[in-house]
Amino acid sequence: MAAYRPLSDADVHSKRVLVRVDLNVPMQDGKIFDATRIERILPTINELRHGRAKIMLLSHFGRPKGRVVPKMSLGPIADAIANALGEPVFFVDDCVGHKVRDAADALKPGRVLLLENTRFHAGEEANDQNFARELAGEADVFVSDAFSAAHRAHASTEGITHFLPTFAGRAMQTELDALEAALGSPAHPVVAVVGGAKVSTKLDLLSNLVSKVDMLIIGGGMANTFLAAQGKPVGKSLCEHDLTDTAAKIMKLAKSASCEIILPTDVVVASEFKAGAASKVVGINDVANEDMILDVGPDSIEVVADKFAAAKTLVWNGPFGAFEIEPFDKGTVAAAQKAAELVQAGKLIAVAGGGDTVAALNAAGVADKFTYVSTAGGAFLEWMEGKELPGVAALAARATA
Ligand code: AMP
């Protein structure tokens, strides 16, 4: 069981409550183009407002590497939070020190104050004890509500929990409960889909999953490396030929762990990576030298659909093909729709996560039909790998402390 003290256990009335959120929202030309992360923190903020807490929001933004970088200020985001809340949000241009103390002293119960980017201080990423103590110094209670930052042992995710009574916020709780339901003690058979571009970025994931799941379905560019390891022709497809030995080792590991590995049996090929490029379906033994594999074929999709239908739990990271470019989105869309249909029929628990995966499920129109979709990238992958997330471990340690 994921262990934590829920927000409802905290005595917050008139207390200064520091909430670690993830406001690292995607921005383009000074505008937020996806406000999902802001929407997800509203339940915690609203609950604290009703509880008459003095709410102080803490977050990182970008990678300023311990220096003040004005274009990475959280200032402009205060307005977006205010709009979402329908309440003003005050902003102070530091996250420690006298400015924070003055602002916290002036803050009335039920009001919200946003502090400046934690990563403007080198102590944040170094998880420096003194910096963590300073962060904690102006608050009475700490609420951790940023699962997507929990894979990093930073001062605002881990260090601070040593200095304040610590609770899980509602977004964190929702995430932990959903992930626990999927892989904590999951209903078997458990099927994992790992897709995406390269084996090299997901080596730990692939190696760790084979001992946890009953079946591993490999899709996307990374399947090509596995196919090449089996001696199949991959033409000029994206393929890490230097990792074919590693792919062979993973397949061996899977065999000894009784984890079945499913690779494409047919593929969609084109001669160029371009929208609307002329494409055709070929069997897995018939990929020509000039072919580029850009999606799985219809037979493979049928196999995947059958495997999903026989599964009880599905965890998914990475697309089956170059889904951003039509018509190479077909495999991902069809598989996602099948999984969503099974979830809606009450036959499958399906949890997916990672930036590209969320985009792919959105493109397939099924993100809200999965059991849970995590917007966390690195943290979701590390969780899927079975690694201990420092920010989550800290919640467990403080739950019994
Ligand atoms: P990742 O970030 O590792 O999950 O990879 C996602 C990216 O993999 C997407 O941008 C896809 O376009 C890309 N991708 C998936 N399948 C292929 C493929 N067969 N060839 C080239 N790129 C692919």
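Me: How many cavities of 30 Å³ or more does the count give?

Reply: The count comes to one cavity of 30 Å³ or more, where a cavity is a set of points on a 1 Å grid over the protein atoms alone at which a 1.4 Å probe fits but cannot get out. This is a predicted model, with local features needing pLDDT of at least 70, side-chain atom pairs counting only at pLDDT 80 or more, and totals for chains, interfaces and linings using all residues. Residues are numbered from 1 along each chain as its sequence is written, and side-chain values use heavy atoms, leaving out hydrogens and water.

Me: What makes up the lining of the largest cavity?

Reply: Lining residues have an atom within 4 Å of a point, and among them here are I217, I262, P264, S300, V303 and F320. Helix 10 gives the largest share, three residues.

Me: Why is the pair of F308 and W316 called tilted?

Reply: Phe, Tyr and Trp rings (for Trp, the six-membered ring) pair if their centres lie within 6.5 Å, and planes under 30 degrees apart count as stacked, over 60 as edge-to-face and the rest as tilted. The F308 and W316 centres are 6.1 Å apart and the planes stand at 55°, so the pair is tilted. Both F308 and W316 are buried (under 20% relative accessible area, 1.4 Å probe, protein chains only).

Me: How do you know that R5 sits over the ring of F167?

Reply: The rule asks for NZ of Lys or CZ of Arg within 6 Å of the ring centre and within 35 degrees of the ring normal. The charged end of R5 sits over the F167 ring, 4.5 Å from its centre.

Definitions and conventions
On a 1 Å grid over the protein atoms alone, a cavity is a set of points where a 1.4 Å probe fits but cannot get out, and a pocket is an open set with protein on both sides within 12 Å along at least five of seven lines; lining residues have an atom within 4 Å of a point. Grid points are joined across faces, edges and corners, and a volume is the space filled by probe spheres set on the points. Helices (H or I, at least four residues) and strands (E, at least two) are DSSP runs, numbered from the N terminus. Buried means under 20% relative accessible area, exposed over 50%, partly exposed in between (1.4 Å probe, protein chains only).
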